[in-house]
Each structure stands twice: as C-alpha cells, then as structure tokens.
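Thank you all for coming.

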Amino acid sequence: MVQQRCEWGTSSALYIEYHDLEWGVPVHDERLLFEFLILEGAQAGLSWSTILNKRKAYIQAFDNFEPSKVASYDDAKVQALLVNPGIVRNRLKIQAAIQNARSFLEIQDQYGSFDTYIWQFVDGKPVQNSWKSLQEIPATTKESDAMSKELKKRGFTFVGSTICYAFMQAVGMVNDHIVNCFRWQEVQAFV
C-alpha cells in the first residue's frame, strides 16, 4: 500500500526525504534552528525546491551555519558569496544572514539559547493542527505575526510573518501535515 503524504511532499526524491524525515519534527538544536531561519529567509520569492536543491551548497558556503562564524563575515566574504553559484546570490539575503547571525547571538546571550526564546511563541510545545487539505493551511497566524514583530524589533531581517510561519512549520513548532498524511500522527509523538 502506498503511504499517503502531503501533496507538496511528493514532487521529487529530495522533497519526499525532507517531508518524511524533517518537516514538522520539533527542532531544539541551535545550529539547525539557525540554518532553517536563514534558509526560510533565502526562500523569499522563490520556491522551497530551489532552496532544498541548494541546501548542501548553503551549508558549505555558510560554514555549516555556525552563527558565530556567519556573524563575523566581512565584505570579502560577502563578495565571495555573491559569486557562489551554489546559493541564491542576492546581496540583501546574504547581508540578512549575517545580521540575523548577530541578532541570533544576542538572543542566545540574553535567553541562554535561541531555542528557549523562539519556542515561547507556541508556549514551548508544538501546535497540533488537523488540516484536511493543503488549502486549509494558513500562510500566517497570530503566532507568526508575533514572532515576526519581535524578531524585527531585535534586528532580524527577512523575517516577515509568512517566512516565520514557514520556519515554524519546518522546525516543528506547528504540525501542519494533513490528517491523512502518514506523518501527521508520527510527528505528534515527537512532542
């Protein structure tokens, strides 16, 4: 019997792997939270498949998404990134990654971890949704609105509410697998 998946998660082997293993699983690892924050911002105006296909190159280009390394990037590093064909070569998005790394480190200093800070927007536990179709899934919520507003106050960029909601979905702050997807119930167990 073929496993039911969210429709979006069936278009390629890479999508299937991402859907089946990562999307919606609660993330508390600082480096991975930073990676998804940067990748979701890089995706703005593009398809997620574009970013997923470039993910390995991003990991390499951005020093494994170590926030302290990214925060120290200088103009020479920006220039090198702007000519790297493996990533989205958009100056504003590259500069946003650097600024966001700096703001990320400030939050770690203030809260002890970015994880503690970011998960407060869902009271520390994933929101378990029960969508029957992809059309029901919102692009933003009051939680993503609040997250976006607070992150912007703290100096982050490329963190609009839609980007924040995609981030929340990716790192399992919300379970937006549709109810007939085999992962919907599996992901609930990761609380």
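This is a predicted model: local features need pLDDT of at least 70, side-chain atom pairs count only at pLDDT 80 or more; totals for chains, interfaces and linings use all residues.

I would like to begin with the second largest pocket, which holds about 210 Å³ of space. A pocket here is an open set of points on a 1 Å grid over the protein atoms alone, where a 1.4 Å probe fits, with protein on both sides within 12 Å along at least five of seven lines, and its lining residues have an atom within 4 Å of a point. The volume is the space filled by probe spheres set on the points, which are joined across faces, edges and corners.

Residues are numbered from 1 along each chain as its sequence is written, and side-chain values use heavy atoms, with hydrogens and water left out.

Which residues line the second largest pocket? They are Leu14, Glu17, Tyr18, Leu21, Glu22, Leu52, Asn53, Arg55, Lys56 and Ile59. Helix H3 (48–61) gives the most to this lining, with 5 residues, and H1 also supplies at least two; helices are DSSP runs of H or I with at least four residues, strands are runs of E with at least two, and both are numbered from the N terminus. By class, this lining has 5 nonpolar, 1 polar and 4 charged residues, where Ala, Val, Leu, Ile, Met, Phe, Trp, Tyr, Cys and Pro count as nonpolar, Asp, Glu, Lys and Arg as charged, and the others, Gly among them, as polar.

The largest pocket has a volume of about 430 Å³, and of its 18 lining residues, Trp23, Gln43, Trp48, Ala166 and Gln169 lie nearest its centre. Two or more lining residues come from each of helix H1 (13–21), helix H2 (30–43) and helix H9 (161–170), and the largest share, 5 residues, comes from H9. This lining divides into 13 nonpolar, 4 polar and 1 charged.

Helix H1, then, takes part in both linings, and within H1 the residues Tyr15, Tyr18, His19 and Asp20 are buried, where buried means under 20% relative accessible area, exposed over 50%, and partly exposed in between, with a 1.4 Å probe and protein chains only. The buried residues of H1 pack against H2, H3, H9 and helix H10 (182–188).

Finally, I come to the two loop residues. Most residues other than glycine have a negative phi. Phe65, however, has a positive phi of about 55 degrees, and this residue is found in the loop between H3 and helix H4 (67–71). Asp123 also has a positive phi, near 55 degrees, and its place is in the loop between helix H7 (114–119) and strand S1 (127–128). Is each of them buried or exposed? Phe65 is buried, with a relative accessible area of 0%, whereas Asp123 is exposed, at 67%.

How values were computed: Contact means heavy atoms within 4.5 Å.
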